[in-house]
Amino acid sequence: MAGSQRRISPVITFSQAAERHLDDVYGYLAWFTGDRFVAEDLAAETFERALRLWHRFDERRGSPRTWLCQLARTVALDHFRSERRRVRREERAAVPERYEERLAEGLSPQLESALRTLTAGEREVIALRVVLELDASTAARVLGISTTNCTTRLARALKKLEEAVDVAA
Amino acid sequence: MSQPDLAGMLREARPVAPPELRERVRLVAAQATPPRRQLVTWRRVLLVAVPVAIAVAAGVLATRPTERRAQPIEPGLRKSVGAAVAQTDHARAANAPVAPNVTRVQRYSTSLELRVRDAADLSAASKHAVAIAHSLGGYEQRVSVETERASGSGEIVLRIPKAHVQEAVRRLTALGTIVSEYVSVQDLTTQVNATDRLISRLQRRLAVLRAQVQDAQAQRRLAALTARVEQLQRGRATTVRSARYATVDLRLVTRTPPAPPVHRGHGPLHGLGVAFRWIGIGAVYVVALAVPFVLLAALVWSGARALRRRREDALLSRP
């Protein structure tokens, strides 16, 4: 009993975790940011940070995928903040050009344009719950919200997406 | 399009990391070994150090000696020696009573309480005390010794020439362990001088009376004055004589026989219990003092969290 309460050192190595969950992290970031190139940079940054913090990882508190997604979210939020500051600076000089990247290969144009109408927060919850197929509690933990809130947010996002697809069609 | 269909389409279009990114992450994983988990962290050190510090403080407080060492004695001032301190010769010399002034008329008295081992020691110490008084030219004014089995007490009042009282006290203190000492010095020189002046004045009046006509009334006054002068002279002589000797009130007591052990939980773990009690008291104080700060910190933390959540929502509310 006492042994089970002790902190268990991770059985999985960092290399194994990186290899196994790279697609998850990248996919999550691609959906979250809406930019595959940015997602690549952020994914690399996420794994660099994860390497530094790997000693803090505790399997009892969550799977490596959850932990990596939490880190990825922090990295993405930092990116959003710096991006917002950059855009504000640039807007003083001139209206910045926007490059529309494809979210993912294999999406229909209607679905692609419908996804563009969603906010980053809505895309994020869809990425976690639908694309990565995390359960509600795990996704809520990544998002730092309650399970109920997560479920509500997902339902609203899917409904909005459904309506947007119908409009686009 | 229904939501399950949408979900299926989204899953099918799940992005896959490009080979360049995969290679980049492999390089990240390979370029450095992850830092080893630190066994000694600040949190762990504090976790151990704080209770240890509290326990040490509690131990120090719990085992703080309540006894006091004997202090040097000042004239007219009682110094109670609570602890039975076995003194060395050096310490005894340091604790010697204040020296009487032999050029002045002073009433010098000292009280000394000594503890001896048992009734046999009490008897021997009493004899020694009297012998010391005799050897220094003094005498015993009162000797009272009572013994019962191994315990007992004795009350000896010695009169020692003032010039030798320090030596007497020094030797008497060697008879046992000092429990308490008391020295009193009362200067009578002023009183004696006043008496002298009064006597002189009365003698001058006597001389004047003797020169007058000696009728019955003058004779009565002369007799009264003469008696008064003689009384004063006797009193003065008594005072001066008594001041030549110091009074040493020696009280001898045996050690209190050890009380039978009472089992009140004062076993070897008693100290530990006391330490834990102090830790508990300390914990109560810490809690009482920390609660407002903790509440404030919780309030600040929840406020900051709500603010961060709002900012995050605002950040993610754009397409």
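In this predicted model, the largest nonpolar core counts 54 residues, and the members that touch the most others are A:Val25, A:Tyr26, A:Tyr28, A:Leu29, A:Ala43, A:Ala72 and A:Ile126. Helices 2 (14-33), 3 (36-53), 4 (64-93), 5 (109-117), 6 (120-131), 7 and 8 of chain A each put in at least two residues, and so does helix 2 of chain B. Helix 2 of chain A makes the largest contribution, at 11 residues.

As for the chains themselves, chain A has 8 helices and 0 strands, which run along the sequence as α-α-α-α-α-α-α-α. Some 38% of its 169 residues count as buried. Looking at chain A contacts between residues at least 6 apart in sequence, 70% link residues at least 24 apart. Chain B brings strands into the picture, with 9 helices and 6 strands. Of the 319 residues in chain B, 17% are buried. For chain B contacts with a separation of 6 or more, 77% are between residues 24 or more positions apart.

Where the two chains meet, 41 residues of chain A and 32 residues of chain B take part. On the chain B side, the elements giving two or more residues are helix 1 (3-12), helix 2 (19-31) and helix 9 (270-315). Helix 1 of chain B gives the most, with 7 residues. Sorted by class, this side of chain B comes out at 20 nonpolar, 10 charged and 2 polar residues.

Back within chain A, helix 7 (residues 136-143) packs on helix 8 (residues 147-168) at an angle of about 95°, and the axes are 8 Å apart. The two helices of chain A are therefore roughly perpendicular to each other. From helix 7 of chain A, the residues involved are A:Ala136, A:Ser137, A:Ala139, A:Ala140 and A:Leu143, and they meet A:Thr147, A:Asn149, A:Cys150 and A:Thr151 of helix 8. Charged residues are absent from this helix 7 and helix 8 contact, which has 5 nonpolar and 4 polar ones.

Conventions
Residues numbered from 1 in each chain as written. Chains lettered and ligands numbered in written order. Predicted model: local features only at pLDDT ≥ 70, side-chain atom pairs only at ≥ 80, totals over all residues. Contact = placed C-beta atoms within 7 Å. Helix = DSSP H or I, 4+ residues; strand = E, 2+ residues; numbered from the N terminus. Nonpolar A, V, L, I, M, F, W, Y, C, P; charged D, E, K, R; others polar. Axes fitted to C-alpha atoms, helices over the stretch in contact; angles between N-to-C directions. Parallel < 35°, antiparallel > 145°, perpendicular 65-115°, else oblique. Buried ≥ 20, exposed ≤ 12 C-beta atoms within 10 Å, placed from the backbone. Core = buried A, V, L, I, M, F, W, Y, C linked by C-beta atoms within 7 Å.
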